[in-house]
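Please look over the structure below before reading the notes. They are meant for a reader who is new to protein models.

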Amino acid sequence: MDSVVIPIYTTIVSVPYYHYVLEGLLVLVVVFLWNRRNRRPRRPQLTEEEKEELIRKWQPEPLVPDTPQDHPALNPKYVDGKMGKYVSIEGKDYLNLATSNFLGLVGDERIEEVAKKTIYKYGVGSCGPRGFYGTVDVHLDLEKQLAEFMGCEEAVLYSYGFATIASAIPAYAKRGDIIYADKGVNFAIQKGLQASRSQIEWFEHNDMEDFERLLKIQAEKDLKNPKKAKVTRRFMVVEGLYLNSGDLCPLPTLMELKWKYKVRIFIDESLSFGVVGSRGRGVTEHFGVDVTDVDMIMASLENAVASTGGFCCGRSYVVSHQRLSGLGYCFSASLPPLLTTAASEALRIMDEEPERFDHLRSNGRRMLEGLRAAIADTLFYVQGDALSPVFHIKYRSDDVEEAEKKLDALVDNAFEKGLALTRARYLVGEEAFPIVPSIRLTVNSQLTSEEVDKSLKTIAEVVRSLTKK
Amino acid sequence: MPAISTTSLESAHHRFESSSTASDDHDDSPIELHDVSHSSSPNRTPSESRSSEDSDGFVEIAEPKKEAHVGVDSWAQNNGSMNGKVWSRGDASASSRLCEKSSYKVEEYPDAPWYTSVLVCFSYAVMIILSKFADWLRKKGYFKVPKAQEHYRQKDFAPLKGGFESLYLDNLYRIACDVMNRPLASVPGAIMTLRDRTTYNHGWQFVYTGTTSEVLNMGSYNYLGFSSNSGPCADAAAKAITADGLATCATRHEFGMTKIQHNLEKYVAEYLGTESALCFPMGFGTNSMNIPCLVEKGCLILSDELNHASLVLGCRMSGASIKVFKHNNAKDLERQIRNAIVAGQPKSGKPYKKIMIIVEGIYSMEGTIVHLPDIIAVKKKYGAYLFLDEAHSVGALGPSGKGVVEYWGCDPADVDIMMGTLTKSFAAAGGYIAGRKRTIEHIRAKSQGCCYGTTMSAPVIAQVSSSMQIMLGHDGTDEGSIRTQRLARNTRYFRQRLRNMGFLIYGHDDSPVIPLMTFFVTKVVCFGRETLKRNLGVVSVGAPATPLTKSRARFCISASHTKEQLDKALEIVSEIGDVTRTKYGRVNNTEIVAY
């Protein structure tokens with residue numbers, strides 16, 4: 001006992017007294033500052049009457065502001081019947097260059113037959129999330145089929161395209177992680193990034209030098225704090241084909257950067273799945289990149305596959321994680337069986353009829369070249385990759401309103417001439433970066449060259465009439 | 001009071017009698033009358049108090065009421081007890097004490113005895129220690145598991161997962177995962193076919209044996225029994241494929257608006273009694289994509305602590321300040337609103353722009369029904385807005401299945417935003433948002449769901465509209481009301497029987513979501529396995545979906561369950577309750593529960 005107490009006592013005595021005075025002062029300062037910090041946000045204590053007064057006086061804003069009655073969303077064109085190559089609106093048929101039915105699978109009789117059979121076996125809804133009796137064997141079949149189709153170990157099926165992308169990203173990236181994202185990514189990715197609460201580093205659209213610059217800055221930071229760097233996950237999120245511009249991502253360069261800087265790569269192939277690549281496997285097939293090197297591919301089944309839902313595929317180690325952490329997977333009812341078997345059948349058709357991809361590509365090329373010729377020497381211009389089935393027609397003007405008016409006029413006039421076009425719609429103010437107004441024009445594999453030429457002629461006429469004024 | 005209840009119960013009896021022609025079985029009535037009136041608790045509000053409240057259009061909440069609970073509508077009375085019964089079991093004194101102070105009804109859950117809680121924690125401790133040990137053994141290479149491995153070139157990347165989550169998933173969840181994700185091979189009706197599977201390595205991999213088994217389904221959210229592979233709804237869906245195809249491949253703002261979806265939205269508005277409605281192809285997305293356009297930074301969201309993940313995500317994405325109030329507790333809600341108005345926005349102290357209360361109709365894990373009249377009273381008193389998520393309650397409550405608003409006899413106009421799913425009662429997929437025209441127009445123009453989400457598939461639309469037509473009686477039959485009555489009757493019967501057997505049941509008497517408390521996660525897994533062995537499918541829920549010490553088995557009642565099926569299920573549950581010793585309530589052998 002003494003052996004412990006005596007050394008302590010001697011130490012206490014041997015320390016000079018000013019030491020204690022200083023320490024005492026220090027403690028007082030700390031207490032003072034602590035007190036002040038606590039007190040600052042607190043407003044003076046209110047009496048009960050004052051509180052009542054405040055509560056009585058509080059006036060809420062209206063729940064929603066007024067919406068102008070001429071807002072395009074309030075006056076949509078209601079399509080009657082199938083959203084096929086031609087759409088019927090109020091009894092009149094229009095050539096459809098507005099929807100993303102790239103392979104012409106909407107209205108395919110084989111798929112419809114399968115879907116009907118599914119209804120008579122499984123009913124319509126699945127009545128539960130995947131965990132609680134919402135897993136139907138057709139879901140497992142489609143997951144297996146998707147994994148085989150893409151050459152991956154595992155695929156995870158979601159029940160909605162938007163939710164696939166927006167849930168998959170935050171299933172991995174958490175607070176404290178870093179996500180590198182292209183500035184041109186679509187809204188679903190932006191929401192996924194927001195939900196992850198990670199640190200987001202934006203690089204210029206398809207600008208690999210800018211991307212590497214950001215990576216180098218981070219590498220320097222990592223040198224200073226290697227302990228933290230070791231546990232900071234890094235992701236890059238890009239699109240295979242960019243919905244908002246029709247550009248292809250430079251995948252080989254991205255893969256190089258992935259290995260060099262140890263950044264996991266997530267690719268949103270919503271648009272490129274079933275479109276790019278000689279057998280429709282997407283950008284990995286097109287660039288000849290080994291799909292197992294990509295950490296995760298996310299895609300919607302609502303474009304080329306012409307069903308509902310989405311999926312993520314990749315190595316089991318990565319992908320299976322979201323079966324418990326993907327919010328849109330765990331907490332949502334599963335995809336209706338009939339839409340699942342429809343997607344299965346669509347995949348089978350894609351395998352059996354690869355000529356659809358060729359038709360799509362040749363239509364795309366014809367449309368792009370034709371468009372460039374049709375609107376040459378005007379203020380309109382086209383944006384989009386030659387491989388893309390999606391093009392953006394934009395208008396050169398500093399005045400956004402004028403550009404919007406011109407584009408709207410183009411859509412309306414073309415509609416009168418039997419062509420269904422649509423403006424690309426964005427929520428102004430919600431998008432992460434300013435948006436240039438455009439018309440999003442899509443082609444599909446079913447269009448004949450005559451139809452492409454005819455629509456080009458119509459567009460050229462309309463554009464000419466618009467530029468004359 | 002007895003006079004009132006007897007007459008109303010008589011009418012209830014008549015109703016049941018007329019509906020019971022559909023079911024083969026029918027017990028004699030006197031017992032039913034006796035039993036139901038016996039089970040009703042004394043704090044029932046006569047319907048006059050409701051009418052007086054309606055006349056001034058505003059509920060006075062400042063003054064304490066003796067029999068405080070407003071909002072027992074005549075239907076609920078007719079159908080027998082619904083007041084307080086559950087709560088009077090465990091901790092009646094506490095809840096009545098709270099009621100005296102304020103007019104709002106505050107519920108207290110009966111909890112497990114303290115030694116059970118201690119044992120639950122102890123069992124977790126044992127499991128975690130053993131998991132650590134197993135992890136260590138694996139790390140040392142003493143035994144191998146077929147766990148998915150990281151890419152060989154990526155071993156030096158920052159690890160994707162790890163820590164406690166990994167430990168939990170690899171050891172605890174893995175062993176028990178056979179009670180989850182069971183694959184169906186049929187329609188999720190009252191009887192479903194499950195594909196048999198087995199595992200030879202403790203849940204790492206499953207092998208399908210190639211056989212199937214017929215299982216009584218008490219896990220699917222098929223409240224109204226519309227999940228069927230034949231009949232008018234299936235025919236309508238198949239016909240819709242021929243007429244309108246399967247997909248639109250476009251968003252609502254861009255070109256994806258179809259006539260059939262437009263018509264569906266009209267039906268939904270008519271069904272709910274609102275001015276206008278919108279439908280979306282995913283229920284989860286309806287919440288997460290639409291809430292952000294209703295509130296923004298500078299607004300306050302008051303969210304029930306047990307709100308669904310989609311609501312929580314939607315709130316988080318909106319950027320508004322979020323405060324969480326105690327589950328189904330209008331008193332706490334009021335306290336928080338008052339404090340929030342007084343304190344203003346965090347940091348700046350400016351007054352909030354608007355306050356939105358977000359509640360659910362039926363809470364899917366607790367089985368509670370929201371006390372809507374109380375919430376509406378608070379909302380009106382302070383000028384807040386109310387967002388009601390009827391994911392589980394639409395179709396499942398109210399005399400014509402219109403949800404919790406009808407159940408309490410409230411005015412749909414008092415709920416600013418009515419949200420619900422089409423997945424559950426209507427056996428389709430998707431969700432809706434309904435409300436005043438002005439609100440819906442704003443959502444139509446400004447929400448992510450409308451601008452970036454694709455529109456609904458035609459067969460799904462057809463399923464919803466045909467089942468809604470049946471519920472509205474537009475098909476010329478009274479099948480809709482038969483379904484709601486059967487559901488109400490099945491629910492009350494099953495709940496009462498379970499309780500009398502000595503199980504501890506959470507939630508409201510009229511709620512078709514029935515959680516049976518097992519507390520131990522090990523017990524709930526055992527419960528799930530043993531029921532399946534006896535061809536009964538229930539849902540076993542443990543952490544993280546519930547608090548760590550409150551694991552439970554959950555039953556979902558459907559209108560398509562027959563009395564025989566319920567009796568069979570009860571027999572099995574009772575047997576397993578004895579085996580697993582999960583009868584945490586009080587046994588009541590004397591009461592005979594009539595169907």
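Predicted model: local features only at pLDDT ≥ 70, side-chain atom pairs only at ≥ 80, totals over all residues.

Residues are numbered from 1 along each chain as its sequence is written, chains are lettered from A and ligands numbered from 1 in the order in which they are written, and side-chain values use heavy atoms, with hydrogens and water left out.

**Chain A: overall form**
- Chain A contains 19 helices and 14 strands, where helices (H or I, at least four residues) and strands (E, at least two) are DSSP runs numbered from the N terminus.
- Chain A is more spread out than a compact globule, because its radius of gyration is 29 Å, well over the 23 Å that the globule rule gives for 469 residues. The radius is taken over C-alpha atoms, and the rule is 2.2 Å times the number of residues to the power 0.38.
- Along the principal axes, the C-alpha atoms of chain A fill a box of roughly 100 × 55 × 50 Å.

- Among contacts (heavy atoms within 4.5 Å) in chain A between residues at least 6 apart in sequence, 69% join residues at least 24 apart.

**Chain A: an annotated span**
- An unreviewed UniProt entry lists residues 17-34 of chain A as "transmembrane region"; such annotations may be inferred rather than shown by experiment.
- In the model, residues 17-34 of chain A are 100% helix and 0% strand, with end C-alpha atoms 26 Å apart.

**Chain B**
- Chain B has 20 helices and 13 strands.
- Buried residues account for 63% of its 595 residues.
- For chain B, 72% of contacts between residues at least 6 apart in sequence join residues at least 24 apart.
- An unreviewed UniProt entry gives residues 214-571 of chain B the annotation "domain: Aminotransferase class I/classII large".
- Residues 214-571 of chain B are 41% helix and 16% strand, and their end C-alpha atoms lie 17 Å apart.

**One residue: B:Ser131**
- B:Ser131 lies in helix 6 (residues 114-140) of chain B.
- B:Ser131 counts as buried because its relative accessibility is 4%.
- Apart from neighbours within four places in sequence, B:Ser131 is in contact with B:Leu167, B:Asn171 and B:Leu172.

How values were computed:
Buried < 20%, exposed > 50% of the residue type's maximum accessible area, 1.4 Å probe, protein only.
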